[in-house]
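Colleague: I've got a model open and I'd like to learn how to read it piece by piece. Can you walk me through it?

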Amino acid sequence: MAKAIHGMIRVLNEQRSLDFYKQAFGLDVADRFDFGDFVLLYLRNDETAFELELTVNAARTEPYALGDGFGHFAVSVADIAAEHARLTEAGLNPEPVKELLHEGKMLARFFFVVDPDGYRIEVLQRTGRFV
C-alpha cells in the first residue's frame with residue numbers, strides 16, 4: 001500500500017515562504033538540504049507526518065507561472081471560524097468561509113488563503129471525511 005508523505009511547490013523567496021507557512025499553519029522546517037543551485041525544505045507540524053516540500057531554485061528571480069493545472073492543497077482545522085479570525089488578524093487575508101452542500105447535506109465548511117507565491121491553500125473544518 002502506498003503512503004502519501006509530501007507535496008511539493010516551488011517558491012521564489014525562502015524566508016518569505018517560511019514565515020507564511022509558520023504563521024498560517026504552524027509548519028516548521030523538519031529538514032533542509034542545500035544543493036547549491038537549489039534548496040529543498042521539508043515543513044511539518046505535530047498534527048501529521050505529511051510534509052510540504054518547498055523547492056527554492058537559487059537562480060530564479062521571476063515568480064513562477066502557476067498555470068491552470070495546479071488546484072490547491074488542503075489542511076483541516078478544529079474550529080474554522082477561529083482559524084479564519086486568526087488568519088484575518090494576522091493580515092493574511094483569507095477569503096470568506098463557504099459551505100459546500102451535497103444532496104442537501106453539509107459536505108464541507110472551508111475558506112482559501114493564498115501564500116506569497118500565489119498558491120491557494122484550502123482550510124477545511126475538521127469534520128466528516130475531512131477529519
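Colleague: At what angle do α1 and α2 pack, and how far apart are their axes?

Modeller: First, this is a predicted model, where local features need pLDDT of at least 70, side-chain atom pairs count only at pLDDT 80 or more, and totals for chains, interfaces and linings use all residues. Residues are numbered from 1 along each chain as its sequence is written, and side-chain values use heavy atoms, with hydrogens and water left out. Helices (H or I, at least four residues) and strands (E, at least two) are DSSP runs, numbered from the N terminus. Axes are lines fitted to C-alpha atoms, for helices over the stretch in contact, and angles run from 0 to 180 degrees between N-to-C directions. Here α1 and α2 pack at about 145°, and their axes are 10 Å apart.

Colleague: Which residues make that contact?

Modeller: Contact means heavy atoms within 4.5 Å. From α1 you get Gln23, Ala24 and Phe25, and from α2 Glu83, Arg86 and Leu87. They divide into three nonpolar, one polar and two charged. For those classes, Ala, Val, Leu, Ile, Met, Phe, Trp, Tyr, Cys and Pro count as nonpolar, Asp, Glu, Lys and Arg as charged, and the others, Gly among them, as polar.

Colleague: Where is confidence lowest, and where is it highest?

Modeller: pLDDT is the predictor's confidence in each residue, from 0 to 100. The protein has a mean of 94, with 100% of its residues at 70 or more. Strand β5 (residues 73-77) is lowest at a mean of 93, while helix α1 (residues 14-25) is highest at 98.

Colleague: What is the strand order in the open sheet of four strands?

Modeller: Strands of a sheet pair through backbone hydrogen bonds, either parallel or antiparallel. Two strands count as paired if DSSP finds at least two bridges between them. In this open sheet the order is β5-β8-β7-β6, with mixed pairing. β5 and β6 (98-102) stand at the edges with a single partner strand each, so one side of each has no neighbour in the sheet. From one strand to the next, the twist averages 35°.

Colleague: In which sense do β7 and β8 pair?

Modeller: Strand β7 (residues 105-114) and strand β8 (residues 120-125) are antiparallel over five bridges; Val113 has Ile121 in β8 as its bridge partner. α1 packs on the sheet, touching β5, β7 and β8, and its direction makes about 10° with that of β8. Helix α2 (residues 80-89) also touches β5, β7 and β8, with its direction at about 15° to that of β7.

Colleague: Which backbone atoms lie by the side chain of Asn45?

Modeller: A polar contact is a pair of N or O atoms within 3.5 Å; within protein, one must be able to donate a hydrogen and the other to accept it, and residues adjacent in sequence count only if both atoms are side-chain atoms. Asn45 sits in strand β3 (residues 38-45). A polar atom of its side chain is 3.1 Å from the backbone oxygen of Phe25, and the backbone nitrogen of Glu47 is 2.9 Å from a polar atom of the Asn45 side chain.
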